[in-house]
Amino acid sequence: MNDDTETTPQARSGDGGAPAGTAVRPRPVVPDPASLVPVASQVDAVSAPAVDVVTALYASTDLSATLREVAEGMAHRCGFHSAAVSLFRSSEELEFVVVTGDPDAEEALRGDITPTSEILGMMSQALDWGPLRFVPHDRALQFAEHIYVGSEDEAPHPRAWRPYDMLMAPMRDARGQLLGMLWLDRPIGGLRPDEHQRASIARHVDAAARSVVVALEQHRLAEAVRLAGATRRVVRTVSAQKHRLPDLVQAVQEIVREGFGVDEVHVLVPDAFGWPTADPLLDLHEDAPAEPAETPPWLEPRTALVLGELADRCWKQQRSAICSAQRSAPGLLGSDEHAHLVEVLAASGCESLMVAPVGTGNEVLGHVLMVRCRRLDWSDEEADAAVDIGHDLGRAVLTARARQREEEASRYREQLMRTMAHELKNPLAASIGFGIVMGELLDEARPGIEPGLAQQLDRSLAGIGRASDRLRGIVDDLLAMARLERAPSLRSLTPVDLTAVVADAVTMASGQAAPRGIRVLGTLPDHPVMVRAESADLQILVSNLVGNAVKYSYPDGEVRVRLIATQDEEPSVALTVSDDGIGISVEDQARLFEEFFRSANPEAASAPGTGLGLAIVKRTVERYEGRIEVTSDPGHGSTFTAVLPGV
Ligand code: ADP
């Protein structure tokens, strides 16, 4: 037994030897030929069964600690100085997550990335050693660019392990899907394993691979559970649909930061007016002072442009992009862009970032940027969950934008209607006033005026009165419409007695209907029927329906107004207004509740109106979560039924 201590990994750690890998190929050890001992002597010091490792895996929640344990155990049992575990990422990259056996190389190579295509190329050159693949030095040279070799020295022995030799074992899941690779390097004896040793190594590597697959599966499940919480909260937040865009952005940022365990999150979506709705004043960096006012580097024009274009490409491929000094998001990021982002990361003291596009359909609306300052790793589950969040957020952004536009339009409409109403009110009041004065003057002067002229003046004054009434109707309708633009807070409303409101409307309409011989009959409960609504809204609703019934009735007709309260599953009230008037054609019924709709039917058009009454009725019932229905028989009458929730 020749100098066992000299060949332990610890004793070798200072010699510059590097751990295993492709991009992570270790620097070979140059053993003293006299010290060469058969690998089998280490290999046969066989190990605990895999099942123990599996049990240990379940106890561990830290994947890289578990993988390190497996790699170290495997190296030891197989008689190698170095071992490594690398995993295929959905970004078409193989990432070295654990490198053991040489602290320097570990430091330099952990997190190293090799494009999957390169690895597959290497595998195609490998000799098939059962579950193992061996790429001998001469064949491996063509991949030299991707292979790190610390020193090119080798032992003077025909079976010597050569600097570019690579020994690896692909790991697959139960469905045969390639998950990653196990690597062994620098046999302690300095020789390539012989056939007997290979069989033994294969057994250990196989056990290690099974352990890693179990650990990965467990980690994947744990990740899925962890991220499901975050994505569920995002879905809940975005589907609550009550948020304005900036509030939505802030809520999602906080959920993502917590759920993903990242240091910074920036949701960047231009708002409806093209300006970025981000968080320049809301830096979520853990250690940031409470009121940072600086623009985050991610919003600097060049960086924002790179990230924006990256998000576009990500959306096309429905992927997230991960970027760090080691990871360059192949197929998504150009080398200049990568270099720029790495610079920005370094300048902000961070390690890595992930970008997920926010979009819907073909439209990219922005992106979510997550930054890690002390960690490099991003799991595939995180990358997938981020894509899902980008979809949910995309839909919510569209909804929030539409709502924002709707609110703007609603404010504009309200302003316009109020202004019009006020502009009309003054000349209206003046013409009513002048009409009254002229009437009084006419009465005083009547004895001296020629009867024909007096009659003409009476007719003109009556015309002024009718025109004024009409204008007053328009002003009232405009003000009623303006009121409806602003939603009341339903819960804060005190119930109103609808029976009293209807009784008043029936009395008033009877007075107006009497000159045309029309009767207005009310069938009302003998008790209050309470509805949670603003009293003014109810008055407008009822007077519009009853007023229309009278207006569109034939002389000597009959209008029936009925109020019924029901207590079925939910309490509700139904107000029915029927007339036996001109009726409404089926085509007109379809458009009746549109703003400014007036029927072309000459019988209807001859009555004065604005075409706003029924639009007001519809918006009023909807405001209180009720509905309005109409049935009609043209030439024979109509029935309108408004249903509102009771109390
Ligand atoms: P307005 O009565 O001021 O024209 P409304 O919005 O109240 O406006 O009604 C819209 C149209 O619906 C009316 O122009 C009329 O053609 C029709 N309409 C409404 N109520 C009745 C009714 N009870 N009978 C017949 N037609 C009606």
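Which residues do ring pairs link into a cluster?

## Aromatic cluster

The model is a predicted one. Its ring pairs join Phe80, Trp129, Phe134 and Trp161 into a cluster. Across the whole structure, a search finds four aromatic pairs. One of them is formed by Phe80 and Trp161, whose arrangement is edge-to-face, with 5.9 Å centre to centre and 80° between the planes. This pair links distant parts of the chain: Phe80 belongs to strand β1 (residues 80-89), whereas Trp161 sits in the loop between α7 (137-140) and β6 (166-172), 81 residues apart. Phe80 and Trp161 are both buried.

Phe134 and Trp161 form a tilted pair, because their ring centres are 5.8 Å apart and their planes stand at 50°. Since Phe134 lies in strand β5 (residues 132-135) and Trp161 in the loop between α7 and β6, this pair ties together parts that are 27 residues apart in sequence. Phe134 has a relative accessibility of 2% and therefore counts as buried. Trp161 is likewise buried, with a relative accessible area of 4%.

## Ligand site

There are 21 residues around the ligand, and Asn548, Tyr552, Arg598, Thr610 and Leu614 come nearest. By class, this shell comprises 10 nonpolar, eight polar and three charged residues.

An N or O atom in the side chain of Asp579 is 3.0 Å from a nitrogen atom of the ligand. Thr610 contributes through its backbone, where an N or O atom lies 2.9 Å from an oxygen atom of the ligand. Taken alone, the ligand exposes 530 Å², of which the protein buries 98%. Two or more residues of the shell come from each of the elements α15 (535-551), α18 and β19 (637-645). Among the elements, α15 gives the most, with three residues.

## Arg623 in helix α18

Helix α18 (residues 613-623) contains Arg623. With 13% relative accessibility, Arg623 falls under the 20% cut-off and so counts as buried. Leaving aside residues up to four places away in sequence, Arg623 touches Arg483, Leu484, Arg486, Ala487, Pro488, Leu490 and Asp537. Arg623 and Ala533 are 90 residues apart in sequence, while their C-alpha atoms are 9.0 Å apart in space.

## Positive phi angles

Most residues other than glycine have a negative phi. Gln318, which is not a glycine, has a positive phi of about 50°. Gln318 is located in the loop between α10 (301-317) and β10 (321-324). Its relative accessibility is 35%, so Gln318 counts as partly exposed.

Glu625 also has a positive phi, near 60°, and is a residue other than glycine. Glu625 is placed in the loop between α18 and β18 (627-633). Is Glu625 buried or exposed? With a relative accessible area of 61%, Glu625 is exposed.

Methods. Residues are numbered from 1 along each chain as its sequence is written. This is a predicted model: local features need pLDDT of at least 70, side-chain atom pairs count only at pLDDT 80 or more; totals for chains, interfaces and linings use all residues. Side-chain values use heavy atoms; hydrogens and water are left out. Helices (H or I, at least four residues) and strands (E, at least two) are DSSP runs, numbered from the N terminus. Buried means under 20% relative accessible area, exposed over 50%, partly exposed in between (1.4 Å probe, protein chains only). Contact means heavy atoms within 4.5 Å. A residue is near a molecule or strand if one of its heavy atoms lies within 4 Å of it. A polar contact is a pair of N or O atoms within 3.5 Å; within protein, one must be able to donate a hydrogen and the other to accept it, and residues adjacent in sequence count only if both atoms are side-chain atoms. Accessible areas come from the Shrake-Rupley method with a 1.4 Å probe; for residues, only the protein chains shown count as cover. Ala, Val, Leu, Ile, Met, Phe, Trp, Tyr, Cys and Pro count as nonpolar, Asp, Glu, Lys and Arg as charged, and the others, Gly among them, as polar. Rings of Phe, Tyr and Trp (its six-membered ring) pair if their centres lie within 6.5 Å; planes under 30 degrees apart count as stacked, over 60 as edge-to-face and the rest as tilted.
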